[in-house]
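Q: I want to learn to read a fold from its coordinates. Where do we start?

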Amino acid sequence: MNAVLDEHRSPASAAEAALLYQQRCSKLDTERSRLSKRSSLTANIRFVVFLTAASAALAAFFARVDVSRWSTVLLVAAVLLVGLFLVLVGAHRGITRQLEHVTTLWAVNDEAAKRVNRRWEELPAPATPPISPDHPYADDLDLLGRASLLQLLGSAKTALGLGTLQRWLLEPTQDPVEIRERQDAVRDLSPRLDLRQRLEAAARVMGTTSALQLETFFTWAEGDPWLAKRRWLIPLSWLLAASAVTLLVLHVTGAVGAAYWGIPVLINLGLTWRFRDAVHGIFERGARCEQAFQQYAVMLRQVEEEEFAADNLRDSSASLRGDSVDRPAHREMWRLHQRLALSNLRLSQIHIVVQALVLWDFHVLALLERWQTRCGARARRWLEVLGYVEALSALAEVAHDNPAWSFPDVATDAPAEFDATALGHPLLRDDLRVVNDVRVGPPGTFMLVTGSNMSGKSTLLRAIGINVVLAQAGGPVCAAKLRLSPTLLFSSMPVRDSLARGVSHFMAGLLRLKAIVEAAREAQAADGGPQVLYLFDELLQGTNSAEREVAVRNVICEMLSLGTIGAITTHDLAVAEMPELTAAMRPVHFSETIEDAPGDGGESVTTMSFDYKLRPGVATSRNALRLMEIMGMGRRQQ
């Protein structure tokens, strides 16, 4: 496969990254076509060989006695052709596996190109965990679902890899040391495109193995072996199996006249009936993940054999390799897959025959429990390490595909702040994204964002929030430069009524604000810890303007007194004139351009445009009535 996908240099722009993936798709298409033709040719040759072997065997069987020499020749030819047929079967399986791998790699590169170009509707929807409506920011910042940050980080495919990534986004660390360690790992993984894509391809072949299925397996692996309290069962199984087979052979050869082999067979059937549910229940716990373990072995080997530069990745790789006594994790995982495959005989029609003769299930269980005793306590750690590397790889893909982005400086030696140069929204394409310099902080101040409808206020708040999430996950941010302190992020953007919870629009907003204020109080009480960074978009909609003005003032004053930092958007310009807030306010605004131009019929047509550039000061224009006029729902204002 390395011969198909040549070595590449890191792209200089997102456009180059998209082109790189498209070029790789083109090469993989060519290889897929070649392998498909080779597969068809091999299958056809195999069929011809099979027919020829069958014909030779039949001819040898029906040959006349006086031409027995030809019968021998035909029989030898049939045997050789059967051998060739088996070789071709193996070759065809190998070609099929290569074809599957190439097809999977094509899908990996195709989806990567679509993520770079933000073609959300053409991408599979990411698995979205149930999120509490009380989460401090998930609903507001487009973290989950379609056209989300999780979809942008879409290369994590295993249950543990995806779960680790979701946890980093929804429960971010505020530990600067851990953030820097992740950053180092992401930098290390970013140019390792082939490794990242091999890991993703193996995870795709694995299919859907849920976290619940894995947890069921871990419960078994970390538990006590079932046979530990029934140690007599295995030696008895060997004795009964040896007795049944020996007596059967003696009976068939005529050495023993009576069918004494029936006695151990009956005992075997009795033991099978007695313990069948318990033994098969153990098999079921691992069988749901059996094919996944095969691909986990492939992924573990990739990580074990890679020479990493980042300390945490080197430690992860070393923990999988083990020491001179332990076998490496990938080999043990492959062995588990093979032993679970042996248990699948229970699904076959010949199972009862084999079980009656040799107690097959008990011997397979003994093999599994040897693995359980030796490796069960380490299995969870192995797969968690793999999920950790996979989550870092997803962040590394974003760094690779967006070389203009930067890794933030997480400061601990200064008051809380968010200071960004050329900050943009990560979910917008490069050609649509408008960047701005943004500064939020220091404590005791807030950024007031004003502007007309559709001018970009809410997008700015989401850009701040999503980049904070990316920064504290250890990834790159959509900015030329960003310096921030570890923060507790909270947002309050337009919220919906909740019929299920019996909460109105206004009450839902109040409940969110109450939670944010309480979090800010707790952060202040924990002296020296991270401070709250809040993002308020049009606070307390759903009540009259006079009461809202007083409520907004009280909330902002409370947040200022608690040493928080934050940004607030509003259409209510009276907020900018409140004496209590003026000294702490850093006002910025967006504006629009309205032009009247002659239409096709000679009439005057009003157009409105936005440049989405942030300017200092408070906005002075409003556009609601003009927007209604443009939409044909209002009279032209004189």
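Q: Which side chains of strand 5 point to one face and are buried, and which point to the other?
A: Start with the general idea. Side chains in a regular strand alternate between the two faces of the sheet. Now the case here, in a predicted model. Strand 5 covers residues 481–484. Leu-482 and Leu-484 point to one face, and they are buried.

Q: How do strand 1 and strand 5 pair, parallel or antiparallel?
A: The strands of a sheet pair through backbone hydrogen bonds, in a parallel or an antiparallel sense. Strand 1, residues 409–410, pairs with strand 5 in the parallel sense. Two bridges join this pair. Val-410 has Leu-484 as its bridge partner in strand 5.

Q: And strand 2 with strand 5, parallel or antiparallel?
A: That pairing is antiparallel, over four bridges. Strand 2 spans residues 418–423. Ala-420 has Leu-482 as its bridge partner. Thr-421 stands opposite Lys-481.

Q: In what order do the four strands form the open sheet?
A: The order is 1-5-2-3, and the pairing is mixed. The edge strands are strand 1 and strand 3, the latter at 436–440. Each of them pairs on one side only.

Q: Which strands does helix 15 lie across?
A: Helix 15 lies across strand 2, strand 3 and strand 5. It runs at about 110° to strand 2. Helix 15 itself covers residues 457–473.

Q: Ile-466 is in that helix. Is Ile-466 buried or exposed?
A: Compare its relative accessible area with the 20% cut-off for buried residues. Ile-466 has 0%, so it is buried. Next, list its contacts, leaving aside neighbours within four places in sequence. Ile-466 touches Leu-141, Leu-143, Leu-149, His-425, Pro-426 and Leu-427. Sequence separation tells its own story. Asp-140 is 326 residues from Ile-466 along the chain, yet their C-alpha atoms are separated by 9.8 Å.

Q: What about His-92, buried or exposed?
A: Apply the cut-off again. His-92 has 15% relative accessibility, so it counts as buried. His-92 sits in helix 2, residues 68–116. Beyond residues up to four places away in sequence, His-92 touches Ser-39, Thr-42, Ala-43 and Arg-46.

Q: At what angle do helix 13 and helix 14 pack?
A: Two numbers describe a pair of packed helices: the angle between the axes and the distance between them. For helix 13 (residues 351–358) and helix 14 (residues 360–401), the angle is about 80° and the axes are 7 Å apart. The two helices are therefore roughly perpendicular to each other.

Q: Which residues of helix 13 meet helix 14?
A: His-351, Val-354, Gln-355 and Val-358 do, and they meet Trp-360, Asp-361 and His-363 in helix 14. By class, this contact has three nonpolar, three polar and one charged residues.

Q: Now zoom out. How many helices and strands does the chain have?
A: The secondary structure comes to 19 helices and 12 strands. The chain has 638 residues, and 48% of them count as buried. Its accessible surface is about 31,000 Å². Carbon and sulfur atoms account for 57% of that surface. Among contacts with a separation of 6 or more, 77% join residues 24 or more positions apart.

Key:
Residues numbered from 1 in each chain as written. Predicted model: local features only at pLDDT ≥ 70, side-chain atom pairs only at ≥ 80, totals over all residues. Heavy atoms only, no water. Axes fitted to C-alpha atoms, helices over the stretch in contact; angles between N-to-C directions. Parallel < 35°, antiparallel > 145°, perpendicular 65-115°, else oblique. Contact = heavy atoms within 4.5 Å. Nonpolar A, V, L, I, M, F, W, Y, C, P; charged D, E, K, R; others polar. Buried < 20%, exposed > 50% of the residue type's maximum accessible area, 1.4 Å probe, protein only. Areas by Shrake-Rupley, 256 points an atom, 1.4 Å probe, with all protein chains shown as cover. Pairing = 2+ DSSP bridges.
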